Amino acid sequence: MGLLDMKDWPLKAIFWPPSLVARQFGSAVYFGFLVGWTRFPSWVIRHGINSLPIAAGATGMGCIGFPAHPAWEVTSACNLRCIHCHATADTPSPDELTTDEAKRFIDDLARVDEFRMLVYTGGEPLVRRDIFELMHHSKQAGLINVLATNGTLITEEVAFRLKEEGLATAAVSLDSWRDTVHDYVRNKENTYDLAMGGIRAMKKAGIALQINATAMQYNFPDLGELLELADSLGSGIMLMYQLVPVGRGGDIKNAALDINENERLLKFLARKQKEISTIVEPVAGPQYWPYLMESKGLKNGLWMKMARKVFHGCAAGRGFVYIKANGDVWPCPFVEINAGNVRVKPFSEIWRTSIVFRTLRDRENTLKGKCGECSYRSICGGCRGRAMALSGDYLSEDPSCFIEADGNKL
C-alpha cells in the first residue's frame, strides 16, 4: 500500500478530531504570543499542516513539544559511536524483540487512544534489517511513522522506500553547523557531509524534516548558527536537547550545561525564536515555559489556566514513553527505571497501571524539594532525567533550575 492510499488506512490515521487540531494550533499561537514570534505566519504556511501528524494528538506543548509520544529504541546497534549517546549504542543486544514480538507490540501500542504516532529510534534504526517491514506494519496499524536517525545511511533509494512505508518525518541529529564539531561529537569523520546528503535525499522524497541537537560545552558557541541552518534547511521543528549525563554521556558529564548555562540557553532560544520560522522546543529544559510566563508577567489568573492547557513541561511518563530494544518500558531515555516489559505484560496495561507512570502523572503531590514546592510544577516539573542522573531519585528537584520555587525570580 502506498502512502496516498488513504482508503486502506484505519480511521485513527485519517481522522483528526477538530478539537485536537484546535488544541495543537492554540498551543502554537499561545507560544508565539509569549516569545513575540514574528515569523509565526511563515511557520503556519510552510510547516503548520505538516507538523500536525508529527504532533499526532498532543494535548499541549511539553518538554518535547508533543506529549503523546512513544519512542521505540528498535535496536542498540549503530554505525556510529557518538560521545554523548544515552543508549551507549554499538552492537545489537542479544535480547532485542523479534519481528513477530515487535509486531505484537505495535498492535498493542496502536490500541492506546492517545497515541497516533510512533518514533523509531536507536541506536540507528536503519541498521535493523526488518525496519521497513516494521514500519509497514505500524502504518497498517494506523500510526504515523517518525524516524530519529543520524542521517548517514539515507540515500535517495532509502528515502523513497521510507516514504513508501509511511514515514512522515525524519528527525536528523545535527550537533553544529561546523563539520569538524559535528564529526567530533559523532566520533567519526565525514558524518556531517553524509547527514546533509541524507537530508537532501529525504527532502527529494517529500519527507518532512526535523532537526535534533544536543547542547553541551562542545557546541554551545555554535547554537545560533545551527538554528539558522535548521531554518534554512526547511526544518519545521527543532528539538534542542541538553546533555544529560547518562549512558556514554556520563563519561563527558563535565560537558553538560550548569544552572547558569541552562538559563542562558533558554533565554537565548526565546530571543532567537523571533527571527526564524522553525519552532524550537527544549528537551531537558522545562524551565522554558515558566520563564516565558514570567517574562510577560503572566503568573496568575486566566493566563496561568491557559498555560496549564498548552504547556506540560517534563513529559516523562506523562505522555512520553520510551521502549527499549528488549521491550523494557521506561518513562524517558534519561529516566532509567523499568516500568515493565512488553514480553511479560501488554504495553497498554503497563501504560495504564504502572506505579512509575502513575507517580509521574501526579507531580502536584509527588515531586520533592524545590520542584515539589514550585507554583510552576504543573507547566514545568523540572527535568526528571537530570534529577535522577545527578541525585539517583527521579522525583527529586532539578539541580539546573534557575526559577525560584515561589516563581519570583527570572
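Predicted model: local features only at pLDDT ≥ 70, side-chain atom pairs only at ≥ 80, totals over all residues.
1. A cavity, on a 1 Å grid over the protein atoms alone, is a set of points where a 1.4 Å probe fits but cannot get out, and its lining residues have an atom within 4 Å of a point. Grid points are joined across faces, edges and corners, and a volume is the space filled by probe spheres set on the points.

2. Numbering runs from 1 along each chain as its sequence is written, and side-chain values use heavy atoms, with hydrogens and water left out.

3. Back to the largest cavity: 50 residues line it, and H86, T121, S173, N212 and Y241 lie nearest its centre. Strand 6 (208–215) is one of the elements that supply at least two lining residues, and so are strand 5 (167–173) and helix 17 (384–391). The top contributor is strand 6, with 4 residues. Helices (H or I, at least four residues) and strands (E, at least two) are DSSP runs, numbered from the N terminus.

4. What is that lining made of? It splits into 30 nonpolar, 14 polar and 6 charged residues. For this count, Ala, Val, Leu, Ile, Met, Phe, Trp, Tyr, Cys and Pro are nonpolar, Asp, Glu, Lys and Arg are charged, and the others, Gly among them, are polar.

5. The second largest cavity has a volume of about 80 Å³. Its lining includes C371, C374, C380 and C401, along with K370 and R377.

6. Now the packing. A nonpolar core is a set of buried Ala, Val, Leu, Ile, Met, Phe, Trp, Tyr and Cys residues joined through side-chain atoms within 4.5 Å; buried means under 20% relative accessible area, exposed over 50%, partly exposed in between (1.4 Å probe, protein chains only). The largest core has 121 residues, of which W72, Y120, L174, M240, F311 and F347 touch the most other members. Helix 8 (residues 191–205) gives the largest share of this core, 7 residues. A second, separate core of 7 residues includes I83, V185, L243 and I252.

7. Leaving aside neighbours within four places in sequence, F347 is in contact (heavy atoms within 4.5 Å) with residues including F105, L109, F115, V321 and V342. D108 is also among its contacts.

8. Aromatic pairs next: rings of Phe, Tyr and Trp (its six-membered ring) pair if their centres lie within 6.5 Å, with planes under 30 degrees apart called stacked, over 60 edge-to-face and the rest tilted. The whole structure has 21 such pairs. W37 and W43 sit with ring centres 5.7 Å apart and planes at 45°, so this pair is tilted. Both W37 and W43 are buried. W289 and F311 are stacked, at 4.7 Å centre to centre and 15° between the planes. Because W289 is in helix 11 (residues 288–295) and F311 in strand 9 (residues 311–313), their pair ties together parts 22 residues apart in sequence. W289 is buried at 0% relative accessibility, and F311 is buried at 0% too.

9. Last, helix 9 (residues 223–232) is mostly covered, with 7 of its 10 residues buried. Among them are L223, L226, L227 and D231. Just after helix 9, G234 has a positive phi of about 85°.

Terms used: 1 Å grid on protein atoms, 1.4 Å probe; cavity = no way out; pocket = protein on both sides within 12 Å on 5 of 7 lines; lining within 4 Å.
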